[in-house]
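Trainee: I would like to go through the labels used for this model and see what each one rests on.
Mentor: Ask about them one at a time.

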Amino acid sequence: MELLKNKIVEEGIVLSDTVLKVDTFLNHQMDPFLMQEMGKEFATYFADAGITKVLTIESSGIAPAIMAALHLEVPMIFARKRKSLTLQDGLLTAKVYSFTKQEENEISIADKFISEDDTVLIIDDFLANGQAAFGLMELVKQANAKVAGIGIVIEKAFQDGGKQLREQGVNVYSLARVSSLANNKVTFATQQIEEVGV
């Protein structure tokens, strides 16, 4: 997705060989036009998957997920990282470790929002080690629902998350795949989707 890649090149800041800061358009300040276009791209790619719900994790996944849900014309649910006073009973929960924040969170959603009849599209802002994706898949599994696939805004292809998910047969669609952040430079992977074992 050239629009996103251009934004990353123009506004992204490489903080280290593993950290890319994109707070001007994705995970602090958000570019609504870009969010809409990304949502449209996810919806187009997964159009024939029979999706009934879109699931993400708070907070940076919410904007691309709501736009994907809008174009798919289905509800969007976000997993909470902290317990809410209004969200106590009937919960699906999973543990997720954040390498960026160096902390483990228990994510949760109300079990009434996903049922065994649902086909769920998971959306998130970044895919690195895959912890958030695996946690969200665990919530879907607990509900006996089906994961249609995972839509990622930026995949750090030099980390293992995408490879692990694809090896499990998960359809992972990343809008931008970064192969390296070495020398303060963003290098994109030439292929958007790598075949497993290639």
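Trainee: Leaving aside its neighbours within four places in sequence, which residues is Leu4 in contact with?
Mentor: This is a predicted model, and in it Leu4 is in contact with Phe25, Leu34, Met38, Val153, Leu175 and Ala176, once neighbours within four places in sequence are left aside. Leu4 is also among the members that touch the most others in the largest nonpolar core, together with Ile8, Leu26, Val54 and Ile154. That core has 36 residues.

Trainee: Which helices and strands each supply at least two residues of this core?
Mentor: They are helix 1 (2–11), helix 2 (32–45), helix 3 (62–72), strand 7 (119–127), strand 8 (146–156) and strand 9 (172–180). The largest share, six residues, comes from helix 3. Another core, of 26 residues, lies apart from this one and includes Ile107, Ile122, Ile150 and Val172.

Trainee: What makes the pair of Phe42 and Tyr173 edge-to-face?
Mentor: The ring centres are 6.4 Å apart and the planes stand at 85 degrees. The cut-offs are centres within 6.5 Å for a pair and planes over 60 degrees for edge-to-face, so Phe42 and Tyr173 are an edge-to-face pair. Both residues are buried.

Trainee: How do you know that this pair links distant parts of the chain?
Mentor: Phe42 is in helix 2 and Tyr173 is in strand 9, 131 residues apart.

Trainee: Why is the pair of Phe46 and Tyr173 called edge-to-face?
Mentor: Its planes are at 75 degrees and its centres 6.5 Å apart, so the pair of Phe46 and Tyr173 is edge-to-face. Here Phe46 sits in the loop between helix 2 and strand 3 (53–57), 127 residues from Tyr173. Ring pairs link Phe42, Tyr45, Phe46 and Tyr173 into a cluster.

Trainee: Why does Ser60 count as buried?
Mentor: Its relative accessibility is 14%, and buried means under 20%, so Ser60 counts as buried. Ser60 is found in the loop between strand 3 and helix 3. Beyond its neighbours within four places in sequence, Ser60 is in contact with Leu26, Asn27 and Asp125.

Trainee: Why does Phe113 count as partly exposed?
Mentor: Phe113 has 39% relative accessibility, so it counts as partly exposed. Phe113 lies in the loop between strand 6 (103–110) and strand 7. Leaving aside neighbours within four places in sequence, Phe113 is in contact with Lys53, Ile77 and Asp118.

Trainee: What makes Glu2 and Lys5 a salt bridge?
Mentor: Their side chains meet at 3.9 Å, N to O, and the cut-off is within 4 Å, so the pair meets the definition of a salt bridge. Glu2 and Lys5 are three residues apart in helix 1, so about one helical turn separates them.

Trainee: Are Glu2 and Lys5 buried or exposed?
Mentor: Glu2, at 53% relative accessibility, counts as exposed. Lys5 has a relative accessible area of 14% and is buried.

Trainee: How far apart are Glu11 and Lys7, N to O?
Mentor: The distance is 2.9 Å, and their side chains meet in a salt bridge. Glu11 is partly exposed at 26% relative accessibility, whereas Lys7 is buried at 17%.

Definitions and conventions. Residues are numbered from 1 along each chain as its sequence is written. This is a predicted model: local features need pLDDT of at least 70, side-chain atom pairs count only at pLDDT 80 or more; totals for chains, interfaces and linings use all residues. Side-chain values use heavy atoms; hydrogens and water are left out. A nonpolar core is a set of buried Ala, Val, Leu, Ile, Met, Phe, Trp, Tyr and Cys residues joined through side-chain atoms within 4.5 Å. Buried means under 20% relative accessible area, exposed over 50%, partly exposed in between (1.4 Å probe, protein chains only). Helices (H or I, at least four residues) and strands (E, at least two) are DSSP runs, numbered from the N terminus. Contact means heavy atoms within 4.5 Å. Rings of Phe, Tyr and Trp (its six-membered ring) pair if their centres lie within 6.5 Å; planes under 30 degrees apart count as stacked, over 60 as edge-to-face and the rest as tilted.
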